[in-house]
Protein chains: 2
Amino acid sequence: MSDAHRPLRLLRAGIDTYQQPVVYMHRDCHVCRSEGFTALTRVLARSGDREVVATLNVVVDDHLELDVAALSEAAWAILQPGADAVAVFSHPEPPVSAPALRAKVFGQRLGESDFLALMHDTVSNRLSDMELAAFVTACAGDRLDNEETIALTKAMLAVGERIDWGGGAVLDKHCVGGLPGNRTTPIVVAIVAAAGHRIPKTSSRAITSPAGTADAMEVMAPVALDLEAMRSVVEREGGCIVWGGNVRLSPADDILIRIERPLDFDSDGQLVASVLSKKAAAGATHVVIDIPIGPTAKVRSFSAAAFLEARLIAAAQALGLNLSVLRTDGLQPVGYGIGPALEARDVLSVLRNDAAGPRDLRSRALDIAGVLLDSAPGAVLGKGRAVASTLLDSGAALRKFMAICQAQGGFTEPGVAPHISPVLAIRNGQIRAVDNRRLARIAKLAGAPGSPLAGTDSRVRIGDSVQAGEPLFYVHARSPGELDYALDYASAHPDIFQIGTGQ
Amino acid sequence: MSDAHRPLRLLRAGIDTYQQPVVYMHRDCHVCRSEGFTALTRVLARSGDREVVATLNVVVDDHLELDVAALSEAAWAILQPGADAVAVFSHPEPPVSAPALRAKVFGQRLGESDFLALMHDTVSNRLSDMELAAFVTACAGDRLDNEETIALTKAMLAVGERIDWGGGAVLDKHCVGGLPGNRTTPIVVAIVAAAGHRIPKTSSRAITSPAGTADAMEVMAPVALDLEAMRSVVEREGGCIVWGGNVRLSPADDILIRIERPLDFDSDGQLVASVLSKKAAAGATHVVIDIPIGPTAKVRSFSAAAFLEARLIAAAQALGLNLSVLRTDGLQPVGYGIGPALEARDVLSVLRNDAAGPRDLRSRALDIAGVLLDSAPGAVLGKGRAVASTLLDSGAALRKFMAICQAQGGFTEPGVAPHISPVLAIRNGQIRAVDNRRLARIAKLAGAPGSPLAGTDSRVRIGDSVQAGEPLFYVHARSPGELDYALDYASAHPDIFQIGTGQ
């Protein structure tokens, strides 16, 4: 055996590099020397019958012995080494998808086999974060056409699991993000399941927002269910609202989102592939997509919505999904609260038919549930919203929601943050616009979603008249420091609620 | 002071993450908790009057105390903390260039101020490696037009140093890479300096190739000179051949190359900006660019060369550089050797007028030196090559080269690798083509450039007739293991020297 192939003992580095496998070796270890490994080299580690391609970080002091390789949490989870395990290190072959990646970067169209190779290499960690960033960038804007979008969707689907619900309609909904507080999902699921349909909803945690549906739902019930637990909830209650991360229906999408999150740009094509691959993997047959439109929402104009809609419908047809799109008002937040617990409170007040609850959230949830019920097999078209309304008003939706919470592990009433402070109007006038992005940023500075009770709370809507000194919104925080952060940012941006005077 | 602002003690992690600043904190430390930091969050660290934006890696075991932050080598070098130093951590403001990056990713044209913001953020570590990968991708292929290329070049120049040679012509050359063994630089510098011109040449180490000029030169003389040492060599001898990395003339280019290297794709625009910003920063006034053309060279066709040439000339004019372009044969390697020592041996045999030396390397060096001498002020156009030839034949170039080596720290004769093995022709026939990329890969598998003596050695040229069993090339390696790697790859790819039979 040549020097290069002598194995290294494996240690757990105890370092979380967020899914990216990293291996730590001493600069002077025989592997680095004989293989010519340097920092950021991609290395192939084989241990037993498992292998991982990882990024090398080179240890230059004596923290690490020469015959040892330490693994980041992600690399450790993939190799799963036993006690005294060793690994052999070598240069990996270039990823099979490297030519496809290169072609896309240089603006060429890709075919089905190209996307399949790319997604296969994505889920098997063959592509580095920088290569994934290049892929995301190469697809950004309008660089995936319809056929490519369909091919990418199918490829993402092919490299993951797909739930088989054993026939019959399976309903689902999705909101193209960007609108704070738009927490219709728990209400829609409760209504649709109360109507006797199957709606196995997986939701995401916050990516760049102050709360994802999974974060808000988690304030009320456990959401980190695995596939078997999710299946048993749905078999019992018809619906669920669980975190998609433990179900891992679209592992390729999970990885691409990890890259898109810090970059904060994506594309219509990737958005379509992300949404539809997850829906198809979840076994959905009938899907409604809510597209909020507004200058500070994710989709900023009706023409952009139309473009996205055409993409969604084309890809859904190719996958055999029944898809409906609902364009909604994205000018201002929905509901009062922004942040996990504050949004959960709004959801509960709608389900409980609380007269002081947010009318806009109620109305939007009924719209979505209505379209979904209309699209289901055997529906009388146009009756969906009335059916939804009856189920909500009668308390059937609330009972169903509580039963789902119970099946997921038990209901908890959301709490209230210990530190609350108002942000006041600085002049008299009428609210002309709301900057959703900056308001969301305040909720994040206040601690959301890490602190579930943190966020913002506002009853003020576009068109309302306010007086100087009147609260525009309240900031909720877990600590005085976070409260200060958020308030500082609010002072620096007094036009988040734009107050018009005169005319 | 709020909890979040309490400082952490700084430790040196002793981990080399290749220029990317990384900070390691315990998951449960007060900063992570109160700021909501998770793995891969970008964090701003302030210590004394220095600051760095770094990527967070989260420590999940008890290797790190709760009141400590450990810094990677790159972060340590930037913050330069003293004993018992502490740092305060916070969320950095989004990079100033974020909107420009986003605009470019979505296909928009950028202006001078955009590129300036991007390059400023690049050199001050405000952009993550993923963001830099996105920038490189967004510019890839043909996505930078002429004006953008010029603006990027100026921006790269603006964020670095620029050497002032105090007036007069300063000559320089550059080869657009991709052709193994094309080591004309030491010969050209020796001839041009022997002709009485100033030619302060900085060269790179290998990026993706088996040897850069700096690697080959380093076999013969020290190259890691700093700016002052380089200046003194040039003042004494008229020329030098030093590694650009210590001179850091274009720090933005160094960082972009770090990203382009693992991605292995770039663009005409970035290539032009990279080359010309370095030349202008080095104070050059008259530059020759050698563009080898061939199916496995970097520039694959005459039309691609023409396109690149137009870009180079437009940008050079905008910078006030006198630029000449020489299109050369890129069908096969130049000289016999590929790898630092083997290329150095070829350089010396040409300078020594060794009759057995490579004619192609001699001829090409004379071509380049001729164009450069012709372009210099006061030259009689068309006489350059004859002048260059005389200086080489007379031994003046060799004496100048030895004097330069002496000034750089002393000359060393290149050695020979301990393990050498031939790769044989598998049939009779005529050499039709050479796969430069695969031949370079063999030299790398054999250990080049990490092992300076490693590489390949071949006297066989396109058009030569070979017999089965005759050596096509020799592999040189430091260890039997590396020799085996390279030979295994050669066996798997028997058509690196394509042997035609019949007709």
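**Figure 1. Chain B meets chain A.** In this predicted model, 44 residues of chain B are in contact with 45 residues of chain A. Contact here means that the C-beta atoms of two residues, placed from the backbone, lie within 7 Å. Several elements of chain B each supply at least two residues to the side that touches chain A: β2 (15–16), β5 (50–59), α3 (98–105), α5 (129–139), α11 (251–263) and α19 (480–492). Helices (H or I, at least four residues) and strands (E, at least two) are DSSP runs, numbered from the N terminus. The largest share of this side of chain B, 7 residues, comes from α5(B). By type, the side of chain B that touches chain A holds 21 nonpolar, 15 polar and 8 charged residues. Nonpolar covers Ala, Val, Leu, Ile, Met, Phe, Trp, Tyr, Cys and Pro; charged covers Asp, Glu, Lys and Arg; the others, Gly among them, are polar.

**Figure 2. A strand of chain A pairs with a strand of chain B.** Strand β5 (residues 50–59) of chain A and β2(B) are antiparallel and share 2 bridges. Two strands pair if DSSP finds at least two bridges between them. A:Val59 stands opposite B:Ile15 in β2(B).

**Figure 3. Three strands form an open sheet in chain B.** The strand order is β8-β11-β12, with parallel pairing. At the edges are β8 (171–175) and β12 (322–329) of chain B, each pairing on one side only. From one strand to the next, the twist averages 20 degrees. Axes are lines fitted to C-alpha atoms, for helices over the stretch in contact, and angles run from 0 to 180 degrees between N-to-C directions. β8(B) pairs with β11 (residues 286–293) of chain B over 5 bridges, in the parallel sense. Within β11(B), B:His286 stands opposite B:Leu171.

**Figure 4. Strand β18 of chain A and its partners.** This strand (residues 471–477) has 5 of its 7 residues buried, so it is largely enclosed by the rest of the structure. A residue is buried if 20 or more other C-beta atoms lie within 10 Å of its own, exposed if 12 or fewer, and partly exposed in between, with C-beta atoms placed from the backbone. Strand β14 (residues 419–424) of chain A runs antiparallel to β18(A), joined by 6 bridges. There, A:Val423 stands opposite A:Phe473. Strand β16 (residues 455–457) of chain A also pairs with β18(A) in the antiparallel sense, over 3 bridges. A:Gly455 has A:His476 of β18(A) as its bridge partner.

**Notes.** Residues are numbered from 1 along each chain as its sequence is written, and chains are lettered from A and ligands numbered from 1 in the order in which they are written. The model is predicted: local features need pLDDT of at least 70, side-chain atom pairs count only at pLDDT 80 or more, and totals for chains, interfaces and linings use all residues.
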